[in-house]
Structures are given as structure tokens and as C-alpha cells.
Amino acid sequence: MDTEAIKRFGYEHGASIVGVADVEALVNKKVQIDYSVLPEAKSVISIAAAHSSTALDCGNIQLMQSDTIFTYRTADSVAMHMARYLEKNGYKALAVPAFIPIDMSPGKDGMIGLVDHKAIGAEAGVGAFGESGLLVTLEFGPRVRLSSVLTSLELEPTPPLADECCTHCLKCVDSCPSKALSGGGKIDKKKCGGEIFKYGLRGWMRFWKDAAGANKEELDALIRSRNFKELWQNFMTGNYYYCWKCQSACPLGRA
Ligand code: B12
């Protein structure tokens, strides 16, 4: 089984871009990967699933969330199918989630993935880092969700892109509603999280803090509030993002 077969398998299962990075190169570049889950890993396959740019442009939060759910599912589904395909052919393989579940233990707190999907994607030539700090692809700009497969199979790597994709127009930086971006990949995570997670874990914590000291009428108002209903819906769908501006502002690879 070679890199071409792996790429073909990925495309047949819904991937938009597939690349391969060599573990030795990733270690040399100090890319964040927890190898304890597969110490015999030789290659890491990077999978990108593309968003619909029309959906991310439409301004409707529910449609953007729905597109994000589909895109994450696709990235995860390709990785899961690929891991099983590799196992069937006699190799160890682990699909790493694109999104959640993620380690919530102190120090990680849901902010450090088992692997850094962006840096793997850059090493595998799927795209290159942009001013937004996102992995920018030629085909879809930064409007991709990434997953990765660790495998014991030694594969020919697909090299990093020779040129950067980002044109440094800084539309991503200018579009950020919380002023979390300052260019050069720098991000104020607190400011960004305040916008994208307002009805995620932060909203859930706010609810409990407010509920703790509330009397019956206040509690009644709290559970009828928008915050509570948005939280409920987000628990049902599994997606709690409320901003995609740095992805949609990018002029690259638009439909
Ligand atoms: C925690 C997290 C966040 C946090 C913190 C983000 C951050 N930059 O640290 C918050 C909540 C702020 C966040 C926001 C968003 N996120 Co987020 N997030 C993650 C998550 C779950 C873990 C990141 C992680 O482990 N980082 C580990 C540390 C080591 O890496 P880092 O600090 O991100 O950056 C390192 C390298 O990437 C590298 N690097 C970064 N920039 C540059 C630039 C250059 C030039 C170079 C050489 C290197 C370099 O150096 C850094 C230090 O080692 C990943 C999924 C995953 N497992 O990778 C998604 C992920 C990064 N998020 C993603 C997305 C799309 C978003 C949002 C658009 C929200 C949304 N609506 O979906 C915003 C974008 C904000 C932005 N412009 O960066 C996508 C990115 C896809 C892409 N095209 O790049 C990911 C990969 C999820 C996925 N599976 O697709 N996210």
C-alpha cells in the first residue's frame, strides 16, 4: 500500500485534500503529537474536509453550524474508514478526532488536542499557515476541517508546499469581531473563545453560577432565557460555534 493508494482511498471516502507526513520530520519540527497512543507510528496522514463557502458566507448561525457539523463528520469519517482499511491490511492505525472529544484535564482544559492537526497538515503539504494562524489551502482557503491518522505504515511523504498560500491581505484580521487576531498567526485565545464559545462551556458555566444564587423566579427566568435554549440546542447537535469570520473572510479558493 503506497501514498497514492491512501490518497485515492481518502478521496473516495469524501476527503477534499489528503497528504502524508513523515513522523521523523514531525518530531524534528517539534510538532505537538502524543505518540504514547501509537509509539510505532511511522507516518501521519492529514485529511482535510472542505466547508461550503456559500454556507459560511450566508450569515445564518444555524446554517453555518450545520455545515460545520457535516464538515467535522466528514473529516472524522474519512479518518475512521482509513484507520480500519490500514488495520485490515496489517498495519496499526489510529484516527485522531478532528474536534471533540478532547482532553479536559487541568493544564489541557480542551485547548490542546492529542495532535496539532494544522501543523501536520502543513508538513503534509495540505496547506500552509496564514496570517490568521489557520492552515490555508490553495483549493478552499482556510475553509477546511482537519483530521489525522497515525499509522505504523511507512509511506512516502507528500512534501510541504513550496510557496505559502496566504496573500497577506489581512482580511481575516480585519474581520475578527473580538479583535483576537493580530496577524502572523498570533491569536488571543481568550478573546476568540469569548465569541465562538458564548453558548458553549462558557455559557454553561455562566448558567450554573447564576443559578446557584437565584430564587425561584430568577431560576425560572434563567431556564427560559436564550442562553439556556441555545445551550440545550448545542448539546443536542454537538456544535457550539458562533463565529467563522476568519475562515469566511479569506478570498482564496472561493466557489
Ligand atoms: C484549542 C483550539 C482552538 C482554540 C485555540 C486556538 C489556537 N490557535 O491555539 C480556540 C478556541 C481559540 C480556537 C479557535 C478556532 N478554531 Co480551533 N482548534 C483548537 C484545537 C482543538 C486544538 C489546537 C491545539 O491543540 N493546539 C496545540 C498547539 C501546540 O498549537 P497552536 O497553539 O494551535 O499552534 C501551533 C502550531 O499550529 C504552529 N503555528 C501556528 N501558527 C503558525 C504560523 C506559522 C507561520 C508557523 C510556522 C507555525 C504556526 O505553532 C504553534 C505553536 O506550536 C484544534 C484541533 C486540533 N487538535 O488541532 C482546533 C482547530 C485548530 N481549530 C480550527 C478552527 C477552524 C477554529 C475557528 C475558526 C473556530 C471555528 N469557528 O471553527 C477558530 C479560529 C481561530 C484562529 N484564527 O486561530 C481548525 C483549524 C482548521 C484550519 N483550516 O486551520 C482546527 C484544526 C480544528 C479542525 N479539526 O479542523 N481553536
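Leaving aside its neighbours within four places in sequence, with which residues is S43 in contact? In this predicted model, where residues are numbered from 1 along each chain as its sequence is written, local features need pLDDT of at least 70, side-chain atom pairs count only at pLDDT 80 or more, and totals for chains, interfaces and linings use all residues. Side-chain values use heavy atoms, with hydrogens and water left out.

With those sequence neighbours set aside, S43 is in contact with V20, A21, V23, V149, L150, T151, L153, E154 and L155, contact meaning heavy atoms within 4.5 Å. S43 is found in strand β2 (residues 43-50); helices (H or I, at least four residues) and strands (E, at least two) are DSSP runs, numbered from the N terminus. The relative accessible area of S43 is 0%, and the residue is buried (buried means under 20% relative accessible area, exposed over 50%, partly exposed in between, with a 1.4 Å probe and protein chains only). The S43 side chain reaches the backbone oxygen of L153 at 2.6 Å.

The protein chain has 11 helices and 8 strands. Its radius of gyration is 19 Å, close to the 18 Å that the globule rule gives for 255 residues, so the chain is as compact as a globular protein of that length. The radius is taken over C-alpha atoms, and the rule is 2.2 Å times the number of residues to the power 0.38. Of the 255 residues, 45% are buried. Among contacts between residues at least 6 apart in sequence, 72% join residues at least 24 apart.

The domain assignment gives domain 1 (3-166) and domain 2 (171-237); such bounds come from an automatic or database assignment. The domain centres, taken over C-alpha atoms, are separated by 27 Å, and 8 residues of domain 1 are in contact with 10 residues of domain 2.

Both domains give residues to the shell around the ligand, so the ligand lies between them. The ligand is surrounded by 30 residues, the closest being A98, G113, L135, R145 and C243; a residue is near a molecule if one of its heavy atoms lies within 4 Å of it. A polar backbone atom of G113 is 2.7 Å from an oxygen atom of the ligand, and a polar side-chain atom of R145 lies 2.7 Å from a ligand oxygen atom. Elements giving two or more residues to this shell are α5 (117-123), β6 (144-151), α7 (189-196) and α11 (245-248).

Terms used
Polar contact = N/O pair within 3.5 Å; in protein donor to acceptor, adjacent residues only side chain to side chain.
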